[in-house]
Amino acid sequence: MQSIDPGLALTTLTGRLVDETQTAARQPGVNCTVTGVDPSTCMLVQLTLWTDQAPDGVPGERFDVLHVSQPHRRDLSGARP
């Protein structure tokens, strides 16, 4: 989690976060990625689920996920196999 400047314009913040999330989602080996903002605490969280180990040099904490259930994933528009 990281702090967000409470004085930052919402349009500036959301534009940047959408760009970052889309860039992360296009990386080889990414299963899914999500960005969330808690407006009550001005905190940002970004999570990326990799199909295997995250490549070296990717910042952030690492957690092992043993199983992900994804029923109907292929029914989502834009979903990758």
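Author: Strands (E, at least two residues) and helices (H or I, at least four) are DSSP runs, numbered from the N terminus. Two strands pair if DSSP finds at least two bridges between them.

The model is a predicted one, in which local features need pLDDT of at least 70, side-chain atom pairs count only at pLDDT 80 or more, and totals for chains, interfaces and linings use all residues. Residues are numbered from 1 along each chain as its sequence is written, and side-chain values use heavy atoms, with hydrogens and water left out.

Strand β1 (residues 2-3) runs antiparallel to β3, and two bridges join them; here S3 stands opposite M43 in β3. Strand β2 is also antiparallel to β3, with eight bridges between them, and G36 stands opposite V45 in β3. A hairpin is formed by β2 and β3, with four residues between them. In its turn, C42 has a positive phi of about 55 degrees.

β3 also supplies seven residues to the lining of the largest pocket, the largest share. A pocket is, on a 1 Å grid over the protein atoms alone, an open set of points where a 1.4 Å probe fits, with protein on both sides within 12 Å along at least five of seven lines; lining residues have an atom within 4 Å of a point. The largest pocket has a volume of about 1,100 Å³, a volume being the space filled by probe spheres set on the points, which are joined across faces, edges and corners. Its lining has 30 residues, of which Q46, L47, T48, W50 and E61 lie nearest the centre.
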